[in-house]
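This briefing is for a reader meeting the structure for the first time.

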Amino acid sequence: MSRTLETEALIVGGGPAGATLAGCLARGGHRVLLCDDGKRQHPVPFETLLPAARHALERAKVRDPIERLGSAPPVHRFAIWGTDQAVVQESGPDEQPGVRIRRGAFERGLRDWARSQGASVLEGARVAGALPEQGPGTVEIEQDGSLLRCHAEVFVSAAGRRASEHLAESRVFEAAPETASLGIVADIPDLDHAHDEVVEATEHGWHWWMPLDDSKASLTVFLDHEEMQRLGTQELLDRCLRQSRGPGRAFAGRQPSRAARATARLLQPADHVLLCGDACSTIDPLSSQGTEKAIASGENTAALVQLILERNELRDLATATQWRWECGLWRGHRRATEQFHAFERRFADAPFWQRRRGSSDEESSSQPPRALQVTSGIEKTAMLDRFGERYELVEGFALPSSIAVDGPLSQVGPIPIEPILDAFAEPQSIAEGLRAAARDPRIYVQSQRSTIEAIGLLHQRGFLNEVAR
């Protein structure tokens, strides 16, 4: 007869997102079970964490794994992007340098950290069947040939891009152009940059060179899936690498040792389902912030799970808030990636680059709106907003459902939006609206620049419309 484990939260997936989520919840005094099947593969054993990833770890109060395991020798990072010359990419003078980590060891270190915070961790264990659509509920877990039952109040899938498909129902909500990732590992040739990381754009895609241990190097090439089907995988790969001006050119003619789908996409889960990290959204590898995003996702989800455990009546609102947070982060990364693609103008007419420039490549000559007015039909609504490490129930404002794309808002950064909406009840220029809003003490104490930025974002989000006067 199988034994039953009782816990408050069951998290499936022990990567950076799941381990961060488990550790943050356990640190808050909650009973947490983290279940990891140990099947995650790391074709490229190293990853460079940018300085922003350090900040994400600090926000989650996680420092031990990166201090103990991020010990690979530092390398210079070069880019051959928008120019035929290799340009070194260095951190700013006030930033800490990035750090190279071993992916597998780093993730094991994060799970050890979660244990140190009080989480229970099951290694080599998988959940049989789908997760309950809403807690509380019971699932079966297979480990070492034994069957365990686990009863939990909240379930979260942090099992990554593919493993989550059988755990929770979801649909693709938005996606970037279909992209294929091909990998080659070989001895390092006697070339420049043999010990440096190099990111390079060519007519047919881009690739990332990284030195490994044992005098070997990894080359990961990103190609357009449609063009790959038209020309053939090896032909397109060779065309891409023959054009390389960096170390990637030495791999032309070699066959890839691995292939994967690298399309950035955002999933919308079924009601009541919590998806965390790559299980909810994957970003373009060009951003180099996958681990940072996973840690931030785990830390944010922990604050919402904690709210559910304390106030179950807010479960639906918390689940919707968590998805909107992932949605906003995904769209922010997509805009940034489109800007990277738009910067590469040498191959502007090539299919790979045409499909990825997006609207950010358009030259904008529009002037600021002459007058703005609040959108009709905006209603006050209850929403969750984050203050420090906790989410709290606040009063927000929502667009009419017929035009709403994003969720409600209560503030933009430090700027409360209610005084701004009141200021534009009638058509006003930005200067007039700014003066009217500043009569409210909540706006008066803010910087003019922050308030103007908030007005611009409310215009972009549809809360303020341009009108003629």
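Two rings of Phe, Tyr or Trp, with the six-membered ring taken for Trp, form a pair if their centres lie within 6.5 Å. By that rule, a search of the whole structure finds seven aromatic pairs. The model is a predicted one.

**Aromatic pairs**

- Tryptophan 81 and tryptophan 206 have ring centres 6.1 Å apart and planes at 70°; planes over 60 degrees apart count as edge-to-face, so this pair is edge-to-face.
- Tryptophan 81 sits in the loop between strand E4 (77-80) and strand E5 (87-89), while tryptophan 206 belongs to strand E14 (residues 205-211), so the pair ties together parts that are 125 residues apart in sequence.
- Tryptophan 81 is buried, with a relative accessible area of 9%, and tryptophan 206 is buried, with a relative accessible area of 4%.
- Phenylalanine 173 and tryptophan 323 also make an edge-to-face pair, at 5.0 Å centre to centre and 90° between the planes.
- Phenylalanine 173 comes from strand E11 (residues 170-175) and tryptophan 323 from helix H9 (residues 315-343), so this pair ties together parts that are 150 residues apart in sequence.
- Phenylalanine 173 counts as partly exposed, at 30% relative accessibility, whereas tryptophan 323 counts as buried, at 13%.
- Ring pairs join Trp81, Trp206, Phe222, Phe347, Phe352 and Trp353 into a cluster.
- One ring of that cluster, phenylalanine 352, has arginine 356 over its face, at 4.0 Å from the ring centre.

**Nonpolar cores**

- The largest nonpolar core has 41 residues, and Ile11, Leu25 and Val156 are those with the most contacts inside it.
- Elements that give two or more residues to this core include strand E1 (4-12), helix H1 (16-27), strand E10 (146-157) and helix H8 (290-310).
- The largest share of this core, eight residues, comes from H8.
- Setting aside residues up to four places away in sequence, leucine 25 touches Ala9, Ile11, His30, Val32, Ala302, Val305 and Gln306.
- A second, separate core has 21 residues, among them Ile378, Ile415, Leu434 and Ala436.

**Overall make-up**

- The protein has 14 helices and 25 strands.
- Of its 469 residues, 50% count as buried.
- Among contacts between residues at least 6 apart in sequence, 69% join residues at least 24 apart.
- The protein exposes about 22200 Å², and carbon and sulfur atoms supply 47% of this area.

- Threonine 375 lies in the loop between strand E20 (372-374) and strand E21 (379-387).
- Threonine 375 has 8% relative accessibility, so the residue counts as buried.
- The side chain of threonine 375 reaches the backbone oxygen of glycine 462 at 2.5 Å.
- Apart from neighbours within four places in sequence, threonine 375 is in contact with Leu399, Ile403, Gly462, Phe463, Leu464 and Asn465.
- Serine 297 is found in helix H8, the helix that gives the largest share of the 41-residue core.
- Serine 297 has 0% relative accessibility and therefore counts as buried.
- The backbone nitrogen of glycine 277 is reached by the side chain of serine 297 at 2.9 Å.
- Not counting residues up to four places away in sequence, serine 297 touches Cys276, Gly277, Trp325 and Glu326.

- Most residues other than glycine have a negative phi.
- Aspartate 144 has a phi near 50°, a positive value in a residue other than glycine.
- Aspartate 144 lies in the loop between strand E9 (137-143) and E10.
- Aspartate 144 counts as exposed, at 72% relative accessibility.
- Arginine 439 lies in the loop between helix H12 (430-437) and helix H13 (441-444).
- Arginine 439 is exposed, with a relative accessible area of 69%.
- From C-alpha to C-alpha, arginine 439 and alanine 423 are 9.3 Å apart in space, and they are 16 residues apart in sequence.

Conventions: Residues numbered from 1 in each chain as written. Predicted model: local features only at pLDDT ≥ 70, side-chain atom pairs only at ≥ 80, totals over all residues. Heavy atoms only, no water. Helix = DSSP H or I, 4+ residues; strand = E, 2+ residues; numbered from the N terminus. Buried < 20%, exposed > 50% of the residue type's maximum accessible area, 1.4 Å probe, protein only. Polar contact = N/O pair within 3.5 Å; in protein donor to acceptor, adjacent residues only side chain to side chain. Contact = heavy atoms within 4.5 Å. Phe/Tyr/Trp six-rings, centres within 6.5 Å; stacked < 30°, edge-to-face > 60°. Lys NZ or Arg CZ within 6 Å of the ring centre and 35° of its normal. Core = buried A, V, L, I, M, F, W, Y, C linked by side-chain atoms within 4.5 Å. Areas by Shrake-Rupley, 256 points an atom, 1.4 Å probe, with all protein chains shown as cover.
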